[in-house]
Amino acid sequence: METLPTTVPSKSERRARSSKFSQSSSKPSVIMAFFSCVAWLYVAGRLWQDSENRVVLNNILNKSYHQKPKVLTVDDKLMVLGCKDLERRIVETEMELTLAKSQGYLKNQKSSSSSGKKLLAVIGVYTGFGSYLRRNTFRGSWMPQGDALRKLEERGIVIRFVIGRSPNRGDSLDRKIDEENQARKDFLILENHEEAQEELPKKVKFFFSAAVQNWDAQFYIKVDDNIDLDLEGLIGLLESRRGQDAAYIGCMKSGEVVAEEGGQWYEPEWWKFGDEKSYFRHAAGSLLILSKNLAQYVNINSGSLKTYAFDDTSIGSWMIGVQATYIDDNRLCCSSIRQDKVCSVA
């Protein structure tokens, strides 16, 4: 039986086949290596670009931070300092300072007396921009002027017309008052008060504060501009009360609180006065007197004292909360028909 012939490849043939196989298998490896290099270069480029961007943004933020002022609240400052109880200590210190002031430890007090002697009284006469003729009437009757006014101050009595500033600061109303004051020198101008009918309850706070800060007196008196005074009679009344602390003196009254809007003497906060709607005891606003320590109390606490629709009831509400001595003196009831009264309606 015949067999098929077999052929054995030679060494050269085997070497050629191996070379061909090697070449065919190395092509994918080269391609993969190429793409790996490209991917590595892309990732490295992005990382470098992100790093550069972060540097640029950081520089911009640092520049903006240093150029723009940072607003820090009190809480921020306390947090930075680490003083959790600092605010509490500040409040306690302010309370202690207020207590010290209320006991008479007030600095920078000015006195109009050249000898430094304490005055008996400062009398503030309420006036307005349209009351020029009435002021001249007072100057020609019970209120001294010129040298007589200065001599009265040597006796311990200061009298000033009390007025605020125009809502339009520096206008003709303000200029006329300044000119009149320059000529007469008998005004107490309340620079921080706006002269308006609805602001009258606040005016009394500004008056007592300014009077205490400018003159050291035993008594401080508020008088309406429609009241004539028996000046010597008033001085005699004050002399009899000299040295009396916590004195709240006037024609004491009470009365119904008007709750109907639009009515005369309407009180917008009528609901605070109870079911009977009656005012507490207070001195009539036409003429009332506070001793030095009570006027100091108004000065120290003026920022937090509540005002009502009228100045006399506002003062009465302040006196309820302190150890004031109420002195009801009928001689200060200006509308009465008593013969020995020291004031009357002009």
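This briefing describes the fold of one protein chain and then a few of its residues.

The model is predicted, and for that reason local features are reported at pLDDT of at least 70 and side-chain atom pairs at pLDDT 80 or more, whereas totals for chains, interfaces and linings use all residues. Residues are numbered from 1 along each chain as its sequence is written, and side-chain values use heavy atoms, with hydrogens and water left out. The secondary structure comes to ten helices and nine strands, where helices (H or I, at least four residues) and strands (E, at least two) are DSSP runs numbered from the N terminus.

**The chain as a whole**

- Of the 346 residues in the chain, 36% are buried; buried stands for under 20% relative accessible area, exposed for over 50%, and partly exposed for what lies in between, with a 1.4 Å probe and protein chains only.
- Among the contacts in the chain with a separation of 6 or more, 75% come from residues 24 or more positions apart, a contact being heavy atoms within 4.5 Å.
- The chain exposes about 22000 Å², of which carbon and sulfur atoms supply 54%; accessible areas follow the Shrake-Rupley method with a 1.4 Å probe, and for residues only the protein chains shown count as cover.

**The sheet**

- Seven strands form an open sheet with mixed pairing, in the order β3-β2-β1-β4-β7-β6-β8; two strands are taken to pair if DSSP finds at least two bridges between them.
- Strands β3 and β8 (325-328) stand at the edges with a single partner strand each, so one side of each is left without a neighbour in the sheet.
- On average, neighbouring strands of this sheet are turned by 40° against each other, direction ignored; axes are lines fitted to C-alpha atoms, for helices over the stretch in contact, and angles run from 0 to 180 degrees between N-to-C directions.
- Strands β1 and β2 pair in the parallel sense over six bridges, and Ala121 has Ile157 in β2 as its bridge partner.
- Strands β2 and β3 also run parallel, joined by four bridges, and here Phe161 has Phe187 in β3 as its bridge partner.
- Strand β2 is mostly covered, with nine of its nine residues buried.
- Strand β6 pairs with β7 (residues 278-291) in the antiparallel sense over seven bridges, and Lys253 stands opposite His282 in β7.

**Helices against the sheet**

- Helix α7 (residues 200-214) lies across β1, β2, β3, β4 (217-223) and β7, and runs at about 125° to β3.
- Helix α9 (residues 292-301) lies across β4, β6 and β7, and runs at about 110° to β7.
- In helix α4 (residues 132-139) the buried residues are Arg135, Phe138 and Arg139. Seen down the axis of α4, these residues fall within an arc of 100°, so they line one face of the helix; the arc is that of the directions from the helix axis to the C-beta atoms.
- The buried residues of α4 pack against β1 (119-126), β2 (157-165), α6 (172-184), β3 (187-194) and β5 (227-229).

- Ala247 lies in strand β6 (residues 247-256) and counts as buried because its relative accessibility is 0%.
- Leaving aside residues up to four places away in sequence, Ala247 touches Phe219, Ile289, Leu290, Ser291, Leu294, Thr325 and Ile327.
- Ala247 and Gln323 are 76 residues apart in sequence, with their C-alpha atoms 9.3 Å apart in space.
- His282 lies in strand β7 and, at 2% relative accessibility, counts as buried.
- The side chain of His282 reaches the backbone oxygen of Phe280 at 2.8 Å.
- With residues up to four places away in sequence not counted, His282 touches Tyr248, Cys251, Met252, Lys253, Ser254, Asp312, Thr313 and Gly316.

**Two loop residues with positive phi**

- Most residues other than glycine have a negative phi.
- Lys185, which is not a glycine, has a positive phi of about 55°; Lys185 is found in the loop between α6 and β3 and, at 54% relative accessibility, counts as exposed.
- Ala246, likewise not a glycine, has a positive phi of about 55°; Ala246 lies in the loop between α8 (231-240) and β6 and, at 11% relative accessibility, counts as buried.

Conventions
A polar contact is a pair of N or O atoms within 3.5 Å; within protein, one must be able to donate a hydrogen and the other to accept it, and residues adjacent in sequence count only if both atoms are side-chain atoms.
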